[in-house]
Amino acid sequence: MKISEEQCLIYCRVSDTKQKIEGSGLESQEFRCRQYAAEKGYAVEQVFHDDVSGGGDFAKRPGMIALLNFLEKNRRVPYVVIFDDLKRLARDTMFHWQLRHAIANFGARVECLNYRFDDTPEGEFMETLFAAQGQLERKQIGRQTRQKTKARLEAGYYAFIAPVGYAYEKSKTHGKILVRDEPAASVLSEALEGFAAGRFQTAQEVRVFLENAPEFPKQASGKIGNARAKDILTNPLYAGMIVYEPWGISLRKGHHEGLISYETFCRNQDRLAGRANAPARKDLNEDFPLRGAVLCECGNALTAGWSKSHTGKHHPYYLCQNRKCAYKGKSIRRDVLENAFEALLARVAPEKAVFTIAQDMFRRLWDHRARVQAARQKHLEMEIAKTKQAMNQVLDRIVEAQSASVSRALERRVEALESQKQLLTEKLSASAHPLRPFDEMYRTALDFLSNPLKIWRSSAFSDKRAVVRLVFPQRLTYVRNEGYRTPEIALPFGLFGDSFKQEMLMVPRTGFEPVTY
């Protein structure tokens with residue numbers, strides 16, 4: 001039997017979006033509230049939902065704000081606001097009563113499935129106790145969550161929302177752990193490595209690279225912003241490290257795989273601080289591998305480009321742009337200049353007997369590197385031990401310190417030593433890898449030494465540029481109608497035989513002067 005024909009509003013809330021997606025909290029709350037309204041004979045006019053906690057503050061819940069705005073616009077209607085449980089109202093004593101008074105001021109009243117409101121002094125007292133109990137539970141849950149999260153961070157596990165480039169994966173030994181999320185992880189790795197190597201000179205260039213990468217997730221506008229690019233460059237999480245300063249979690253090695261090494265991360269921080277190396281040249285065109293490596297006879301570096309003939313075809317040329325040069329603007333065909341360069345390379349290759357000596361030298365070098373690596377490992381182990389000892393000494397001083405400013409200074413010193421220890425540990429781990437077998441390690445070097453012309457004729461532009469730098473330490477000079485002047489040859493080829501030197505013969509007994517009687 002219907003008691004009245006009053007209009008009612010229903011309010012449902014869960015603590016987070018995950019409960020809304022994975023559970024059925026909102027639907028079950030609404031179902032029970034509708035059942036209650038039907039039993040009371042209320043007509044449900046509208047339902048308001050929230051999937052955020054708000055920390056007890058109803059002003060941070062959009063659904064509750066929408067409910068209050070609705071009541072304000074319809075003051076003349078004596079609505080009944082139905083809740084599933086008293087805790088849905090506000091898990092904070094102060095906000096609970098503020099919300100109760102706000103609803104009452106709009107001419108509405110509240111009803112709850114699990115609690116009966118009583119406006120007597122005794123009823124208000126009991127309601128306050130229930131609200132205080134909800135506040136206590138909320139704060140206890142928050143404290144437990146923070147303690148568990150902090151313990152997880154201290155153990156070397158990231159415990160917040162996975163950043164771009166990572167995703168969480170359940171592991172039998174680690175629980176939830178970050179793993180690479182492809183293809184975004186590879187894009188980020190390229191951006192971070194590129195900034196460290198000088199490929200990208202500024203954080204803005206990194207931002208542009210990420211914005212132009214279709215695999216990298218972006219906002220609806222297609223932009224990521226300079227601030228986010230800098231956050232990515234300064235986030236040690238991408239180097240496999242864990243740190244959270246607001247909770248006093250100092251830098252430490254994480255259990256997840258880094259997208260870059262910690263050494264690369266430190267190099268990026270130096271670049272951001274203005275301690276970067278000079279940028280690499282960007283005026284090299286893959287169509288002209290000798291551009292900038294060959295000088296005109298006037299001493300100016302030859303540039304290069306494509307020239308269009310009267311037939312409409314394009315032809316590659318090298319040319320000098322020195323205004324004071326007699327050959328300014330006069331081109332040299334690419335095939336002429338590069339064929340002459342190949343003739344130089346053909347004369348550089350050592351003889352077979354000399355090359356055998358070179359192989360023996362490389363093997364001795366391999367043995368030397370093995371000894372150096374062992375010594376380096378021992379040195380790094382000693383440095384790590386010294387760093388740990390210094391950290392223990394500083395920690396002892398922190399315990400004895402009576403000044404807060406001194407304690408903070410010592411804590412910063414501990415953080416610096418911890419960072420140094422992590423860097424040394426990473427270097428030790430990298431040096432612990434055994435050397436590759438001799439034949440595998442030096443195959444490319446020996447192939448190059450035996451026949452640099454073969455490497456030059458490969459299709460890779462980087463190989464061609466490497467041949468130029470490694471064979472000829474100084475830029476070559478090209479003279480029109482004559483060819484290259486006698487070049488300076490790099491040390492290995494100079495040691496194993498230099499065919500550019502004139503043939504050496506014994507001086508005849510008569511000497512070089514004309515014979516006189």
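A residue counts as buried when its relative accessible area is under 20%, as exposed when it is over 50%, and as partly exposed in between. The model described here is predicted. D84 has 5% relative accessibility, so D84 counts as buried. R32, at 33%, counts as partly exposed.

The side chains of D84 and R32 meet in a salt bridge, with 2.7 Å from N to O. D84 lies in the loop between β3 (80–83) and α4 (93–105), whereas R32 belongs to helix α2; the pair therefore ties together parts that are 52 residues apart in sequence.

## Other salt bridges

Side chains of opposite charge can pair when their charged atoms come close. A search of the whole structure finds eight salt bridges. Helix α2, which spans residues 25–40, holds both R34 and E30. These two residues form a salt bridge in which the closest N and O atoms are 3.1 Å apart. R34 and E30 are separated by about one helical turn because they stand four residues apart in the helix. E30 counts as buried at 18% relative accessibility, and R34 counts as partly exposed at 38%.

R333 and D335 also meet through their side chains in a salt bridge, at 3.3 Å from N to O. R333 is partly exposed, with a relative accessible area of 46%. D335 likewise counts as partly exposed, with 37% relative accessibility. Elsewhere, E6, R109 and E111 are linked in a network of salt bridges.

## The largest pocket

The largest pocket contains about 560 Å³ of space. Its lining is made up of 27 residues, and those closest to the pocket centre are V243, E245, I249, S250 and L251. Two strands, β7 (241–244) and β8 (249–253), are among the elements that give two or more residues to the lining of the largest pocket. The helices that do so are α9 (262–272), α11 (352–400) and α12 (404–431).

Helix α12 supplies five residues, the largest share of the lining. By class, 18 of the lining residues are nonpolar, five are polar and four are charged.

## A nonpolar surface patch

A nonpolar patch on the surface is formed by F125, M126, L129 and F130. Together these residues have about 380 Å² of accessible area. F130 is placed in helix α5, which covers residues 121–154. With 38% relative accessibility, F130 counts as partly exposed, since that value falls between the limits of 20% and 50%.

## Backbone features in two loops

E182 and P183 are joined by a cis peptide bond, with omega at about 5°. P183 is found in the loop between β6 (175–180) and α6 (184–197).

The other feature concerns N481, which has a positive phi of about 70° although N481 is not a glycine. The loop between β13 (476–479) and β14 (483–484) contains N481. The relative accessibility of N481 is 81%, so N481 counts as exposed.

Methods: Residues numbered from 1 in each chain as written. Predicted model: local features only at pLDDT ≥ 70, side-chain atom pairs only at ≥ 80, totals over all residues. Heavy atoms only, no water. 1 Å grid on protein atoms, 1.4 Å probe; cavity = no way out; pocket = protein on both sides within 12 Å on 5 of 7 lines; lining within 4 Å. Points joined across faces, edges and corners; volume = space filled by probe spheres on them. Nonpolar A, V, L, I, M, F, W, Y, C, P; charged D, E, K, R; others polar. Patch = residues over 30% accessible without salt bridge, like charges linked within 9 Å, V, L, I, M, F, W, Y side chains within 5 Å. Areas by Shrake-Rupley, 256 points an atom, 1.4 Å probe, with all protein chains shown as cover. Salt bridge = Lys/Arg side-chain N within 4 Å of Asp/Glu carboxyl O. Buried < 20%, exposed > 50% of the residue type's maximum accessible area, 1.4 Å probe, protein only.
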